[in-house]
Amino acid sequence: MTTLIPVGMAGLGRYVPERRLTNQDLEKLVDTSDDWIVQRTGIRERRIAAPDQVTSTLALNAARLALADARMEPDEIDLVICATVTGDQPFPATACRLGLDLGCKRAGGFDLGAACSGFVFSSQVAAGMIQSGQAKNILVVGAEILSRILDYSDRNTCELFGDGAGAAVYTSLERAGRGEFLGGSIGMEGGAEGILAQPAGGSRHPATASTVEQKLHYMKMGGTKVFRFAVRVFAELVQGVIDKYGRDQIGVIVPHQVNQRIIESAMEQLSMPMDSVFCNIDRYGNTSAASVPIALREALEAGRLQKGKLVVMPAFGAGMAWGHLLLRW
Ligand code: UT7
């Protein structure tokens with residue numbers, strides 16, 4: 001039997017575009033109010049990419065910071081994985097553009113499409129490849145420009161989402177010296193494909209004048225069903241970690257930033273205080289695959305990642321796809 005190489009997270013970076021879209025700005029676009037949005041979601045503002053930015057631009061900014069944090073040169077990277085559902089275009093992969101722009105001369109690259117669970121899934125793929133010796137250093141980026149697939153006349157969706165990117169560099173634990181990969185999960189629940197989706201632009205509904213006229217290229221969501229699903233899965237995933245390692249081992253939970261009320265409901269179900277969880281949803285909204293790495297970087301800067309303690313990252317979203325990533329910091 002071959003021995004697995006222990007894996008760590010050597011670097012972390014985040015980037016959000018400068019432009020802020022506030023709840024007051026949204027009041028001018030749809031029939032909503034700052035009060036409603038804050039009470040129902042906890043969101044106060046979200047960032048919007050500039051017209052000349054594409055998803056790989058955001059990813060590039062986050063990735064440069066992650067590489068610098070890891071003290072690693074781009075040509076040391078063996079593989080670039082970009083988790084996104086709003087890539088530069090359907091193909092080629094945004095990871096290939098990103099790898100070229102970064103100067104990752106030896107790397108291969110591919111995108112991973114798992115919506116809000118994308119970073120958590122990609123991190124497990126990366127860790128598995130390093131553990132098995134197939135790669136030494138892997139860059140994982142979660143990057144989204146959701147504002148390009150939102151309908152700013154649909155109040156069911158437009159207040160919830162924002163743009164941004166977060167990146168992590170995985171390597172051997174020996175080199176990283178922190179962020180030991182302990183595992184995670186990758187799951188899915190069928191029968192719910194239509195609850196959260198971008199209906200057109202793929203083989204089911206190829207883009208036509210008619211699909212555009214019907215606004216099927218925009219995100220559609222049945223919010224309440226997603227809400228219930230997210231609370232249940234969040235609580236189950238964290239409970240699984242508690243059962244295995246014990247409650248006192250958990251340093252911080254850095255969940256997908258989905259909705260403040262979802263996070264609060266799940267924490268209540270777990271009988272855990274809100275100071276065990278890191279939230280930044282008030283400033284960025286839900287940035288899908290970018291939300292966990294952006295929050296993780298900010299948790300690090302805020303001194304919330306405690307040496308030797310567990311960092312639990314549950315994520316859930318379209319698919320319905322769910323899973324978690326577990327590190328010991
Ligand atoms: O990563 C996963 C991505 N998905 C999500 O994060 C979505 C999760 N779901 C949610 O966050 C919540 O379901 C929402 C925030 C989307 C909605 O909250 P809710 O408590 O489930 O509200 P609701 O849809 O049941 O709507 C309550 C009321 C309705 O009015 P009536 O029927 O009670 O008169 C809606 O029409 O609020 C109304 N409403 C709004 N009012 C002002 C819905 N959206 C808005 C809005 N502004 N933006």
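How far does a polar side-chain atom of arginine 261 lie from an oxygen atom of the ligand? The distance is 3.2 Å. This is a predicted model, in which local features need pLDDT of at least 70, side-chain atom pairs count only at pLDDT 80 or more, and totals for chains, interfaces and linings use all residues. Residues are numbered from 1 along each chain as its sequence is written, and side-chain values use heavy atoms, with hydrogens and water left out.

View 1. A polar contact is a pair of N or O atoms within 3.5 Å. Tryptophan 36 places a polar side-chain atom 3.2 Å from a ligand oxygen atom. For threonine 224, a side-chain N or O atom is 3.5 Å from an oxygen atom of the ligand. The protein buries 73% of the 950 Å² that the ligand exposes when taken alone (Shrake-Rupley method, 1.4 Å probe).

**View 2. The shell around the ligand.** The ligand is surrounded by 23 residues (a heavy atom within 4 Å). The closest are Thr32, Arg40, Cys116, Arg155 and Asn259. By class, 11 shell residues are nonpolar, seven polar and five charged; Gly counts as polar, Cys and Tyr as nonpolar.

**View 3. Helices at the ligand.** Helices are DSSP runs (H or I, at least four residues), numbered from the N terminus. At least two shell residues come from each of helix 2 (34-41), helix 8 (223-245) and helix 9 (260-269). Helix 8 gives the largest share, four residues.

**View 4. The ligand between two domains.** Domain 1 (7-177) and domain 2 (181-328) both contribute to the shell, so the ligand lies between them. Domain bounds come from an automatic or database assignment.

Notes: Polar contact = N/O pair within 3.5 Å; in protein donor to acceptor, adjacent residues only side chain to side chain.
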